[in-house]
Amino acid sequence: MFFSNMVSLITIFGLLGNITTGLVYLAPAKTFWYIMQRRSTEEFDCLPYVVKLLNGYMWVYYGIVKPNSILVATINGFGAVLELVYVTIFLIFAPPRTRAITATLFGVLDVVFPIGAVLVTQIFCNREMQIDVSGFLSLLFSVATYGSPLSVMKTVVRTKSVEYMPFLLSFILFINGLTWTVYALLTNDWFIGISLCNILET
């Protein structure tokens with residue numbers, strides 16, 4: 001009975017984590033609708049979206065190589081598709097210099113690095129090592145993801161406007177962090193747990 005209840009709790013918090021993570025990925029939609037209407041990225045920063053895409057890739061890989069982690073893989077796969085759309089929109093409407101920076105970051109962080117990481121771990125690592133390496137990379141890039149919105153602060157200070165500060169995203173990230181922290185405790189998944197401790201501290 002206890003085991004059955006534990007599995008039910010894991011499923012419930014996994015699904016809640018999927019919902020809140022989905023909201024995290026959907027939160028920038030309003031920003032990108034604004035960008036498309038204005039046909040300009042204005043002062044918006046590409047870094048949070050480039051890093052979030054990389055983070056999504058890594059969690060998908062972790063969810064695939066680790067047994068019974070399909071909920072981690074599916075929601076981050078959904079998120080990676082959305083982030084790819086966001087970055088594409090950014091590339092289309094960014095001014096030339098910003099477009100060049102975004103394209104470089106995208107090429108290095110979202111194409112070369114994840115392909116290299118997957119190939120190296122698949123060729124040279126056993127399954128346990130693949131789980132550890134992908135978990136560590138997911139943890140590392142989660143910290144970068146939830147710290148990357150801080151890059152927007154310089155824009156807020158310079159423009160003296162909070163228009164470019166993603167408050168909705170920050171709030172949803174906090175709720176998402178609480179949900180996945182419970183999931184991490186229930187499943188003893190310390191890669192998820194440690195990464196979310198950093199979210200809550202942020």
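This is a predicted model: local features need pLDDT of at least 70, side-chain atom pairs count only at pLDDT 80 or more; totals for chains, interfaces and linings use all residues.
Trainee: Why is Val72 called buried?
Mentor: Buried means under 20% relative accessible area, exposed over 50%, and partly exposed in between (1.4 Å probe, protein chains only). Val72 has 4% relative accessibility, so Val72 counts as buried. Val72 sits in helix α4, and its C-alpha atom is 6.7 Å from that of Trp59, 13 residues apart along the chain. Of the 202 residues of the protein, 44% count as buried.

Trainee: What makes α3 and α4 roughly antiparallel?
Mentor: Angles under 35 degrees count as roughly parallel, over 145 as roughly antiparallel, 65 to 115 as roughly perpendicular and the rest as oblique. Angles run from 0 to 180 degrees between N-to-C directions, and axes are lines fitted to C-alpha atoms, for helices over the stretch in contact. α3 and α4 pack at about 155 degrees, with their axes 8 Å apart. The two helices are therefore roughly antiparallel to each other.

Trainee: At what angle do α4 and α5 pack?
Mentor: Helix α4 (residues 70-93) and helix α5 (residues 96-124) pack at about 150 degrees, with their axes 8 Å apart. That makes α4 roughly antiparallel to α5.

Trainee: Is the crossing of α3 and α4 left-handed or right-handed?
Mentor: The crossing of α3 and α4 is left-handed, and α4 passes α5 in a left-handed crossing. A crossing is left-handed if the near helix is turned anticlockwise from the far one by less than a right angle, and right-handed if clockwise.

Trainee: How do you know that Asp189 forms a salt bridge with Lys66?
Mentor: A salt bridge is a side-chain nitrogen of Lys or Arg within 4 Å of a carboxyl oxygen of Asp or Glu. For Asp189 and Lys66 the closest N and O atoms are 2.8 Å apart. Asp189 lies in the loop between α8 (167-187) and α9 (190-201) and Lys66 in the loop between α3 (47-65) and α4, so the pair ties together parts that are 123 residues apart in sequence. Asp189 is buried at 3%, whereas Lys66 is partly exposed at 22%.

Trainee: How many salt bridges does the rule give?
Mentor: The count comes to two. Arg38 forms a salt bridge with Glu42, with the closest N and O atoms 3.4 Å apart. Arg38 is partly exposed at 49%, and Glu42 is partly exposed at 27%.

Trainee: Which residues form the nonpolar patch on the surface?
Mentor: Leu9, Ile12, Leu16, Ile19, Leu23, Leu26 and Phe78 form the patch, with about 610 Å² of accessible area together. Patches are made of residues with over 30% relative accessible area and no salt bridge: like charges are joined within 9 Å, nonpolar side chains (Val, Leu, Ile, Met, Phe, Trp, Tyr) within 5 Å. Accessible areas come from the Shrake-Rupley method with a 1.4 Å probe; for residues, only the protein chains shown count as cover. Helix α1 (residues 2-26) gives the most, with six residues. Ile19 is in helix α1 and is exposed, with a relative accessible area of 54%.

Conventions:
Residues are numbered from 1 along each chain as its sequence is written. Side-chain values use heavy atoms; hydrogens and water are left out. Helices (H or I, at least four residues) and strands (E, at least two) are DSSP runs, numbered from the N terminus.
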